[in-house]
Amino acid sequence: MPVNCNPPVNYREALPEGYPASESADTSAGLVAFRLVTSLPPTVGDFDSQRRLHPGRHFRGISECQACGVSVFTKVEDCRMAGKLPALRGKQVCRVRLMAGAGRIQQTGKPSHHTWWPLADFDILGQCEQEAA
Amino acid sequence: MKFVRYHSTLFFYDGPQVIEARDNIGGHYIGLLVDDGGELPGFVFVGTPPERLRDFRLGSVDLRTLLVEHSAEGWFFSSGEATPETRWILVPQSIALTETRWLPEPGFVLHDSPAEEESLRESRARNNLVLEVAVEPPEAATEHRIRIGTLAGLLMHLQTMFKHAYGAALRELSIDARKQLDRTDAHLMDVIIPAAPGSFRVVLEAAKRPDMLGQSELTRALQLIDEMFEKTADPAATLALMRQRKGHLAGAYLRMLRFLAAHRSGLRYAWAEPNFPTAHRRTLAEREAQPLIDALSGVANLGTETIILEGALDKADRKNGSWRLLTNDGTESGDTKSDGPSLESLRIGGNYRFICQEEIIEAEGSGRETRKLWLIEHQQI
């Protein structure tokens, strides 16, 4: 049966009703994810979704829920690969520990690319550390 | 003035970073996000020959090399959101791209390991979900040939299974999740290689392009089909699964098995999306089809589904037991069975809820389906 993951759980950003979808997974099992951030240590703004950064944009071709999540990789090499692109150049690789209370995550696209929907109460910055070059 | 339209996303991170675009005469362009700070994202576009773009999709050439190779002939800048509706007006740039800060660093490739399997390679090359199906009817035993009816029937049965598997997969999603999906034509596949070398093989791809994350809606359907072909050597296990999956998908599967048995052929398939590490493969040996048919044929109404219709009664032929209901989704008509409910008490124009058994009937051996509704209960609303 589909799980309605939204209410009563509070996500960091408002999500469409019924999202994240049942295909997403809880982070309780624990995993390490990698994200490109502007500087280390990161700021909470480094974990803003595209929807928060660009409220007026149309995100056709992906669901609104995807636009409200943040991209992370589960393989550090993939994150470093993304950092070669001009729009992401200069960003640093940040390692984030995801555990119970971190929210939900779903593999989207490339095997290591995931969309993460953090919970409002999750201390993101407390779980971040610099990834060794 | 030159312009290009969005074709597909090749790399996604917080939005499309590397995209493919086409101009109005079918020319291929690679688009690279270079500025995401403004009101609209800014892209660099470079025209590339299709074969070099294919090399990039396969991971055998890096992005910087591709851009440097072809930007000498001209490159462009344009702003606009990467959506299927966007038309980027290309503004030619006079300085060399190599003199800007907009080139990626060396070594950016889409796949860091080569695809060993043909279906995966084809999927990456096309940046789409690809399915490769092989059958072995007797006429293909000694040479590369297949009867027209066998090929046509095979393709029809496959498309029917995809349709019902997609429908079954959607029913597992919440209503809200379903509403967010663009389901138009999502179950359709196109033949891209009608007669590949080897045993008789056909290669198909999703008719609809994947979303910006590179995911095809058809994946949902093929994952269910994988389940059905998982234990073909074990009729009891397959029967247990089909009892759970009872409905049109189970009916389509049974019809496919009957088709294969009638044409004395097994079936092998492999499918992949560009980002899969390996293709998904399943095999049904010719000898496995009949025991599966025997097991599944023993279940009554395996291929029927119960559906509920609501609307105004437009016709009730009490003598023949046929009826017509005007619902919000259109006109539905059907019949009653001899042991089913009577139409006697129903009033034309009255609003009713009809609980019906929906049965799919295949035109003998063709894979073509007709739908039949049997009224099993009615309620006034």
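Helix α9 of chain B, residues 286-297, has twelve residues and reaches 18 Å from its first C-alpha to its last, close to the 16 Å expected at 1.5 Å a residue. The expected span of a helix is 1.5 Å times one less than its number of residues. Helices (H or I, at least four residues) and strands (E, at least two) are DSSP runs, numbered from the N terminus. The model is predicted: local features need pLDDT of at least 70, side-chain atom pairs count only at pLDDT 80 or more, and totals for chains, interfaces and linings use all residues. Residues are numbered from 1 along each chain as its sequence is written, while chains are lettered from A and ligands numbered from 1 in the order in which they are written.

**Helix α9 of chain B**

- Glu288(B), Ala289(B), Leu292(B) and Leu296(B) of α9(B) are buried (20 or more other C-beta atoms within 10 Å of the residue's own; exposed means 12 or fewer, partly exposed in between, with C-beta atoms placed from the backbone).

**Helix α8 of chain B**

- The 15 residues of α8(B) should span 21 Å at 1.5 Å a residue, and the end C-alpha atoms are 21 Å apart, which agrees.
- Twelve of these 15 residues are buried, so α8(B) is largely enclosed by the rest of the structure.
- Among the buried residues of α8(B) are His248(B), Tyr253(B), Arg255(B) and Phe259(B).

**Chain B as a whole**

- Chain B has nine helices and 16 strands, and its C-alpha atoms fill a box of roughly 85 × 60 × 35 Å, taken along the principal axes.
- Of its 381 residues, 42% count as buried.
- Among contacts in chain B with a separation of 6 or more, 62% are between residues 24 or more positions apart; two residues are in contact if their C-beta atoms, placed from the backbone, lie within 7 Å.
- The largest nonpolar core has 68 residues, of which Val44(B) and Phe45(B) touch the most other members. Such a core is a set of buried Ala, Val, Leu, Ile, Met, Phe, Trp, Tyr and Cys residues joined through C-beta atoms within 7 Å.
- Apart from that core lies another, of 48 residues, including Leu222(B) and Leu296(B).

**Thr331 of chain B**

- Thr331(B) lies in strand β14 (residues 330-336) of chain B.
- Thr331(B) counts as exposed because it has 11 C-beta neighbours inside 10 Å.
- Not counting residues up to four places away in sequence, Thr331(B) touches Arg324(B) and Leu326(B).

**Where the chains meet**

- In chain A, 32 residues are in contact with 34 residues of chain B.
- On the side of chain A that touches chain B, the largest share, three residues, comes from α2(A).

**Confidence in chain A**

- The mean pLDDT of chain A is 87, and 93% of its residues reach 70 or more; pLDDT is the predictor's confidence in each residue, from 0 to 100.
- Over residues 1-7 of chain A, pLDDT stays under 50.
- Where pLDDT is low, the predicted coordinates should not be read in detail.
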